[in-house]
Amino acid sequence: MEGSQASQKGVTGLQLAIIFGAILGPLFLDFVIDFIGWNAHQDFYGLLTGIDATLTGIVGMIAFVRYYSRRNDTLLFIGTAFTSVALIDIVQLLIWTETLGFAVNSAHTSLPWSWLASQTVFSILMFLSWLTLRIEKFFGSAQLIGERVLYFFVGTLTFAILIFFLFVPLPPPPHGQFWGLTRPWELIPAALLGVSVIGFLFRGKWKENTAELCIITSLLLLSMAHVVFMARSFVLYDPLFYGALIVKQAANIAIIVGSLSSMYALFHQAEEGENALIRQNALLANAEDELKSALGITRKKERDLAEQLQVSQRSKAKDEAMLESIGDGLVVTDDDTRVVRVNPGFEKMLGWSAEEVSGKPVTAVMPMVDETGKLVPYEKRAHPVALFTGEKITTSMKYYYMRRDQSKFPVAITVTPIMLGDQIIGAIEIFRDVTKEKNIDEQKSSFVSVASHQLRTPLTTMNWYIELLLAGDAGKVNNDQKEYLQEIYRGSKRLVLLVNDLLNVSRIESGRMRIQPVPIDVTALIRDTVKEVFPLTKGTKCLLKIEAPKNTLPLVPLDQNLYRQVIHNVLTNAIRYSPQNRRSEVTVHIAKRTVRRGTKNPHLRSGSYLLVSIEDHGIGIPKEAQARVYEKFYRAENALHASPEGSGLGLYLVQIIIDLSGGKMWFDTEVGKGTTFYIAYPLTGMKKLSGEKGLAQLD
């Protein structure tokens, strides 16, 4: 990794100058020696050898010191190599002084070979240093060679070469020249040193490491000493021999400079590391103080959280107790109508356990049917509608839930969406078994039906006799008597209308209403209905208007009597609650409306509709009364003051007719400014329904 990073760094001019100087320097020295014709005294050899032994020994010690601080194989090889060279130099010096002359060949014949001995050991070890680096990089591990193994190898190699060169008779230098060289064997260590130089250069670390640059410089100098000087030396102590020794000293000095530079860098790094450690300790001390402070805050927060957890657990326990104690059925779902939670009331009423229904759609565990036993479509169920619209949905007693054993019971349902910000994340449904209420309602409806039938006959008879009296068929009546009879007649007619409404409500609620849609001209039917209610505007300043498209609307399959009843009731309310003492308008708008797929409409799905809106500028509906306008017998407070007459059945009857026949109705209102009711049917018309009775006619 270090080598790859270093290789990416640029080479400076100084580094190139040093490398080329190591190559060109020996050549320049050779030129100078040859130019001045320099010949040195033999004592100069002893001086150079002593200096060489000293310098190589120093380099070896420095390398070992660095090795034991960094455990780098290159440093280990350098240390052993220079130590070995120092030992051989010492032996050379002893030979030169003839201290060992009794045991070896003549000093003057052994010295050139001793030079070759030291350089051979050195070049082999430096080559092995480069080779070891390559092997370690290939295997991805450091220090593949143990210290003892290397020490043993170097000691054996040094001793073997010394013995060889000291005691083996050495041949004289060859006669003539070998490719211009008198000592071609000097090229062997030169080649090994050259390979080492190339290896270190390609490693690239010298670009940022001064010590390694100095190693390369030293190896280049020694290689050039062999090639330029020793390979061409003729006799001992000739100028080329001394030139090689001088270059060798320069090589030693170069590597000493690199080692000292490296040690300075190490000491500097150590000093910086110490300073950094001091700074880090100071930061750690500050961090410790901050941690102690934070720990105190954290412990306080832990205590607060523990208290909040206890409060939350108590609150949860209360909520759980309340949910468990609710007698009605409760089911909580996600935004995909899948069951998240149920209460014991749910389990008791439907026969399913909480584990069995968890994660299942409500439609799977809570099948809903209408009064005829048909499954209610998914899109008409309260749960999906609440999730789709985001509004609270309440249903009456006209739907039934199927238990696990397929028995059914009537339910009253309230579904409330669960909001998280502006997003609907689920819904809560509460339902209750209204079997008793259903039975009471059916008995009430039956009573109302019987009572209405019983009342209708005498009322019809009364109206007939009153009409005879008013016509004078039973004798002449005076003006006062006629006025009294007309009041009785109007009251009787109101009673007939009320009885008709009660009969119609009874027939629809009991499922006996018949719906027979046939294609009709809606505009013509509405014009006729407007004419029927026109007498109600007498004595007021209310105007009736119809706005219909110029193009003829398509014929729509509708039950004429039912649709007339719907328009009649809404129009009657609009006139009744319009201002009586100032000019106002009641406008009937007739149009064809198309809702395209993807268009957001809170009331209508995609498709084509017949849309009729009836707009008045009357009293409006108060906000607190808007949710109850379709309730049976309900009338808002302002409606009671505006018109004391009225049963509260008109809008209830309209709503159940529209709901039963597949239409939609909604309204916009503002108190004091008026109300607009919207009545929409698909162009496919009303749903056909077989029943025993039609609508009681408006008499």
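In this predicted model, strand E11 (residues 607-615) and strand E13 (residues 674-682) run antiparallel and are joined by 7 bridges, where helices (H or I, at least four residues) and strands (E, at least two) are DSSP runs numbered from the N terminus. Within this pair, Leu611 is found opposite Ala680 in E13. Residues are numbered from 1 along each chain as its sequence is written. Local features need pLDDT of at least 70 and side-chain atom pairs count only at pLDDT 80 or more, while totals for chains, interfaces and linings use all residues, and side-chain values use heavy atoms, with hydrogens and water left out.

The two strands belong to an open sheet of 5 strands with mixed pairing, in the order E8-E10-E11-E13-E12; two strands are taken to pair if DSSP finds at least two bridges between them. Strand E8 (542-547) and strand E12 (664-670) have a single partner strand each and stand at the edges, so one side of each is left without a neighbour in the sheet. On average, and with direction ignored, neighbouring strands of this sheet are turned by 15° against each other. Helix H17 (residues 560-576) packs on the sheet, touching E8, strand E10 (584-595), E11 and E13, contact being defined as heavy atoms within 4.5 Å. The direction of H17 makes about 35° with that of E11; such angles run from 0 to 180 degrees between N-to-C directions, and the axes are lines fitted to C-alpha atoms, for helices over the stretch in contact. Helix H19 (residues 650-661) also packs on this sheet, where H19 touches E12 and E13 and makes about 25° in direction with E13.

Leu543 has its place in strand E8 and counts as partly exposed at 31% relative accessibility, a class lying between buried (under 20% relative accessible area) and exposed (over 50%), with a 1.4 Å probe and protein chains only. When residues up to four places away in sequence are not counted, Leu543 touches Arg583, Ser584, Glu585 and Val586. The C-alpha atoms of Leu543 and Ile575 are separated by 8.9 Å, although these residues lie 32 residues apart along the chain.

A further open sheet contains 6 strands in the order E2-E1-E6-E5-E4-E3, with antiparallel pairing. Its edge strands, strand E2 (339-342) and strand E3 (368-369), each pair on one side only. E3 is paired with strand E4 (residues 393-402) in the antiparallel sense over 2 bridges, and Val369 stands opposite Tyr400 in E4.
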